[in-house]
Amino acid sequence: MQQRKLQVVVKMIEKVTNRKNLLKAYHQVLSNKGAAGVDGMGVKALAAHLKENGQQLVESVCAGSYLPQPILGVAIPKANGKKRLLGMPTVTERWLQQAVHQVIAPLFELDFKEHSYGFRPNRNAQQAVKQAQAYIHEGYRAILDIDLQNFFDEVDHCLLLQLVYRKVKCPLTLRLIRKWLRAPILIDGKLTRRRKGVPQGSPLSPLLSNIFLHELDSFLEKNKLRYVRYADDASIYAKTPYLAQRAAKAISLFLEGKLKLIINREKSGIRKPAEFEILGYKFVPSFKKGEKGKYLLTVSEKSWHKFKENLKSITRKTTPKSFEMRMQALKEVQRGWLNYFRLGSIYGKLRDLDGWLRNRIRYCIWHDWKKPERRRKNFIRLGISQDQAYAWSRTRMGGWAVAQSPMLNTTITLERLRKRGYQTMLDYYLKVAPQFNEPLYREMSTRVRHFRAKPLRTVVCEVLPGNFCCRGRLHDSRLPFILSKD
């Protein structure tokens, strides 16, 4: 009986080091891109590194002698002026962590709760926001907003490993996860020991955070509380402020007592729907007839400000960019932002923002024309008479005033900008907003019982040098230790 259990346990590390699993992990790391770690090796150099050292790495993992490299600590600025510390593992570590993630994630996914939406297959932030709106429309308008202070830096390793052990019985896999958790971090050239926390930036950190906070989900469901959780952002919905206050006391005792997490008292509290923000969205009351007590989704002021700052940096006149480069950068930023906030009622604000952005683009064009004579010739090319072109080219108005004046509004028109690749945000919003189209995502009304792995991207010839057939099979393998026959 013990031998049979041991065989089942040992099979997990064999699944991790399986050739197909390692190849899948390789392609996932390649598609995720990311910066280099402490060794300075980028994603593009991973194939050559694995060709030389891949077999040795796999053997050391199976033997339990593998030692991870330190994590590179990178501080990035936050919106409030503070900094968030990210941990950047090496590319090799990310490859191995992704391989482990692909094996153990299905084991935990079956037990995760319905209202946990962060970093899970077939779930996203829009579903979390829609669920919060549904609770509010059902009359649960006393909202307990919980903010965990430095969650990723405060996760207790011993408690986390105990939770992982419930599903991962393989000692080699468990020891490997423990080594990654205890790997030192390099900050400003100094190595620092780590005895708690999960490094943000590794493929395993989202899964480990969900495993840890699954205990909170179970506690909330045990107490029959309505909640929405996306990673470490959690909100509880109650009928009255009194019930929300009672829930706050019980949750505080659970988080600080059992999970050893710290609640940020300044950012947490009981809020009304109009004062509540979730994942960049906020709620405003609807004034339509027959919709009393209903709330519409819109974008928070903080998200609007950040988006506008991004547009400003792209359309800054002193930035040396061609018109085509600016249009391409604008499309990437606008489409990503609008796809995320497509649930919001932002028609009017987008219309005004489009007008402001077009004036910024005209200002950049006016600045590129520079000299008066060049401006005169360009006005003539745009259909202005010679006398009027001469007068406009010699104007003493400032550049921003010129961009908003009839000089450029009647010459650099919206139609001409569209011919050069410009697309208004309002046009794209009307294409993707569910209130104007069919929903892009199916509403999840029932519990997901089966884990569905994310489909692999199609393999293209530029990923790895070698000859690929139309089905993506590799003929000249750069990873022979993965794809070679037994």
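**Exercise 1. Which residues do ring pairs link into a cluster with Y281?**

Solution. Start with the source: this is a predicted model, where local features need pLDDT of at least 70, side-chain atom pairs count only at pLDDT 80 or more, and totals for chains, interfaces and linings use all residues. Residues are numbered from 1 along each chain as its sequence is written, and side-chain values use heavy atoms, with hydrogens and water left out.

Next, the rule. Rings of Phe, Tyr and Trp (its six-membered ring) pair if their centres lie within 6.5 Å; planes under 30 degrees apart count as stacked, over 60 as edge-to-face and the rest as tilted.

Now the members. Y281 is joined in the cluster by W304, F307, W337, Y340 and F341.

**Exercise 2. Classify two ring pairs, F219 with F254 and W369 with F379.**

Solution. The structure holds 18 aromatic pairs. Take F219 and F254: their ring centres are 4.4 Å apart and their planes stand at 10°, so this pair is stacked. F219 lies in helix 9 and F254 in helix 10 (residues 241-257), so the pair ties together parts 35 residues apart in sequence. Helices here are DSSP runs (H or I, at least four residues), numbered from the N terminus. Both F219 and F254 are buried, meaning under 20% relative accessible area, while exposed is over 50% and partly exposed is in between (1.4 Å probe, protein chains only).

Take W369 and F379 next. Their ring centres are 5.5 Å apart and their planes stand at 85°, so this pair is edge-to-face. W369 lies in helix 13 (residues 347-369) and F379 in helix 14 (residues 372-381), so the pair ties together parts 10 residues apart in sequence. W369 is buried at 10% relative accessible area. F379 is buried at 0%.

**Exercise 3. Describe helix 7 (residues 157-165).**

Solution. First, the start: a side-chain oxygen of D156 reaches to within 3.2 Å of the backbone nitrogen of C158. Second, the buried residues: H157, L159, L160, L161, L163 and V164. Third, the cover: it includes helix 4 (91-109), helix 8 (171-182) and helix 9 (205-222).

**Exercise 4. Is L430 buried or partly exposed?**

Solution. Locate L430 in helix 19 (residues 425-432). Its relative accessibility is 31%, so L430 counts as partly exposed. L430 also forms a nonpolar surface patch with Y347 and F436, with about 270 Å² of accessible area together. Like charges are joined within 9 Å, nonpolar side chains (Val, Leu, Ile, Met, Phe, Trp, Tyr) within 5 Å. Accessible areas come from the Shrake-Rupley method with a 1.4 Å probe; for residues, only the protein chains shown count as cover.

Terms used
Patch = residues over 30% accessible without salt bridge, like charges linked within 9 Å, V, L, I, M, F, W, Y side chains within 5 Å. Salt bridge = Lys/Arg side-chain N within 4 Å of Asp/Glu carboxyl O. Helix = DSSP H or I, 4+ residues; strand = E, 2+ residues; numbered from the N terminus. Contact = heavy atoms within 4.5 Å. Polar contact = N/O pair within 3.5 Å; in protein donor to acceptor, adjacent residues only side chain to side chain.
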